[in-house]
Amino acid sequence: MAAPVRCMAGSSSIGNTTSFQKKTRSKLVSIPGTRPSVQNGQLLLSSGVSSLDYVIGGGLAVGTLLLVEEDRYDSYSRMLLKYFLAEGVVCGHELFLASARDHPDEIMQELPSPIMDEFASLKTNEGQPQPSDPENPDTMKIAWRYQNQPRVQTALASSLRFGHYYDVSKTMEPELRQTAKYHSFYQLQETPITTGSSPLPSPYHALLKAIQTVIRKEGFDGSTPQSKARNVLRLGLHSLGSALWGDDVCCKDNPANCHALSTFLYALRGLLRTSLSVAMVTVPSHLIQNRAVMGRIIRLSDTAIALESFRGSEKETNPLYKDYHGLLHVRQLPHLNCLSCEVPDTKDLAFKLKRKQFTIERLHLPPDLSETVSRVSKTELAAGCGTTATGNKHLDF
Amino acid sequence: MFPELNNILNSTPDSFKSSDFILVSDRQADASFLIHHYLSFYLRAGCKVCFLGLVQSFSHYSAVGQRLGVSLAQAREKGQLVFLEGLKDSIGAILQEESSQGTQHLSYLRSPGAGLKGLFKFVESSVGQNGNRDDGESWGPPVLLIDDLSVLLSLGVTVGAILDFTLYCQATVCTELQGNMVILVRCEEEDVDDDEEGANLLQRGLVHQCNLALHVEGLPTGYCRDIHGQMQVWWRQSGETMYNPRKIFHFKVHDKGASFFARGTSSAVL
């Protein structure tokens, strides 16, 4: 006897070949573009780069803060921010973008275009001739069990998938971009408010207030009635800590208000924990001379990664790194509602930006066969051993 | 509560030392699993617990507590646990225009230079309350748990003010009320020298005040997937013994606990 088939009315069986639907008894909110984590049941969403999702444990948990330490020319960290926002557009999430240098609208216009293979193949199918069957051109002869299944999905349904791929050589179509609700905060256009008694300087205070207003108004903290569908807010904050935000932590060794950025991140994390939102913050850490400040900022965020690109450094011509564009360091992974976090296999990760994919791979070092490989390269190798290694860098035999 | 750690420290929920100041610190590792251990330990022992949760929300601790076998929500309802939601209430304290009565204990957020007097008053009032259990008896000796005192440094409070605060708390909780204190401090790397306002300075000051120090670090030989780090245990012996013993253990954190073993005896190696 076949197992009873349970069909939920109106459920999305598009693209499935069976009509069996798992009956979900969990009370997790089903928001498009999210999925529950296998480790601790947290609601995860994709960062836009599927290999980055894998490295940080499946995805970004809703309610957390991702810190990205920028590379020197801000090329790859800006790319990650654009992937993050593009993923939000494709999944239908709301966006909030704040920046101080380029206008947020300019960043939005540079978003990469998503690759939707199903849509492309559907178009080509319509051009082909129909199968010749005199009685009924559409009946299937061999696979007749699948006769009543719906056709291959349209482009709209592909947003139900977790994680998409983007083509960086093309920008996203304006029609697709405008389907997403988008709030922006451009620091140079804000009027400075006189905050006499706030511990935060004016730009950060204004930004925090703007974020809180958006969260309250759109109801991400649960204050809307049940009829409105739940959605997630993606916050992208570009280059916090730079001088354009009114902060001198990147300019001076002993900044006047060295706690501004850390207080801001603390308050932001408090806001995120009480709402359905995820924030991605990029910080130009190579400009911060005070190392203690960077340590504090990393501990104040949930997930922290650092990008180190080879462009412009001597590593660019190093034959060991010729396949990659830079190194990716995972500084911190969060412990969310559980004791142990996802422990990565290896800490030696390198990334490469290809046209259709941002890949992050384990850095494989080839065997050191020739005598002519210079000692200089050995210093670079030792840096991959893990941050707690304090021993000698040269192994001289 | 981790049974192996109880064996190492010679304490069980039924019999533990009172008037103890335990300092948990870490350097480039995460020692918060020890805070979860102590939270479940003291709740099982029936003590009145005041928890200052400055870096995570209540639901995080309650989810972990369920895996360790204690229900924090129940304890809070019965009055055994007083939880300060530092993270979630912080946004209100920072953004509001004038200070209201409700956030006096978070006054360090608005004026970090002024010190932690409001926070101490909160601790004093919650530790001093004497509610009763269901069966009419009073709770055990009070316990103060602080998750991450060093985050106050990131918010602009000075090291001196924090050390004053811990001295006041020690005098009230440990000496007057014969209770215990467990504090978590997260330190920087050793060679970062901003000695004026560093977490290292704070940690050194607290080690001087405490009775038992647990320091968690990564392995000195590098990153390992099976051994998550090493923990140093240092007791301040009072009385006759002349030297202070210091022991080192390796540990690995699982889903439901942590296992501790002597150096070199990890199951991955043997």
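Between chain A and chain B of this predicted model, the count of salt bridges is one. It is formed by A:Arg299 with B:Glu188, whose closest N and O atoms are 2.9 Å apart. The contact around the two chains takes 43 residues from chain A and 50 residues from chain B. The size of an interface is often given as the accessible area lost when the parts come together; between chain A and chain B the buried area is about 3900 Å², and carbon and sulfur atoms give 55% of that area.

Within chain B, nine strands make up an open sheet with mixed pairing, in the order β3-β2-β4-β5-β1-β6-β7-β8-β9. Because β3 (81-85) and β9 (258-262) of chain B each have a single partner strand, they stand at the edges, and one side of each is left without a neighbour in the sheet. Neighbouring strands of this sheet are turned against each other by 20° on average, when direction is ignored. Helix α5 (residues 86-95) of chain B packs on the sheet, where it touches β2 (47-53) and β3 of chain B, and the direction of the helix makes about 40° with that of β3(B).

Chain A holds an open sheet of three strands, ordered β1-β2-β3, with antiparallel pairing. Here β1 (34-36) and β3 (60-61) of chain A are the edge strands, each with a single partner, so one side of each has no neighbour in the sheet.

Strands of a sheet pair through backbone hydrogen bonds, either parallel or antiparallel. The table sets out one pair from each chain, with a pair of residues that face each other across the two strands.

| Strand pair | Sense | Bridges | Residue pair |
|---|---|---|---|
| β1 (residues 21-27) and β6 (residues 212-217) of chain B | parallel | six bridges | B:Ser25 and B:His215 |

From α6(A), the residues A:Tyr204, A:Leu207, A:Leu208, A:Ile211, A:Gln212 and A:Ile215 meet A:Ala260, A:Leu261, A:Phe264, A:Ala267, A:Leu268 and A:Leu271 of α7(A). Sorted by class, the contact of these two helices has 11 nonpolar residues, one polar residue and no charged residues.

Conventions
Residues numbered from 1 in each chain as written. Chains lettered and ligands numbered in written order. Predicted model: local features only at pLDDT ≥ 70, side-chain atom pairs only at ≥ 80, totals over all residues. Heavy atoms only, no water. Contact = heavy atoms within 4.5 Å. Helix = DSSP H or I, 4+ residues; strand = E, 2+ residues; numbered from the N terminus. Nonpolar A, V, L, I, M, F, W, Y, C, P; charged D, E, K, R; others polar. Pairing = 2+ DSSP bridges. Axes fitted to C-alpha atoms, helices over the stretch in contact; angles between N-to-C directions. Buried area = accessible area lost by both parts, 1.4 Å probe. Salt bridge = Lys/Arg side-chain N within 4 Å of Asp/Glu carboxyl O.
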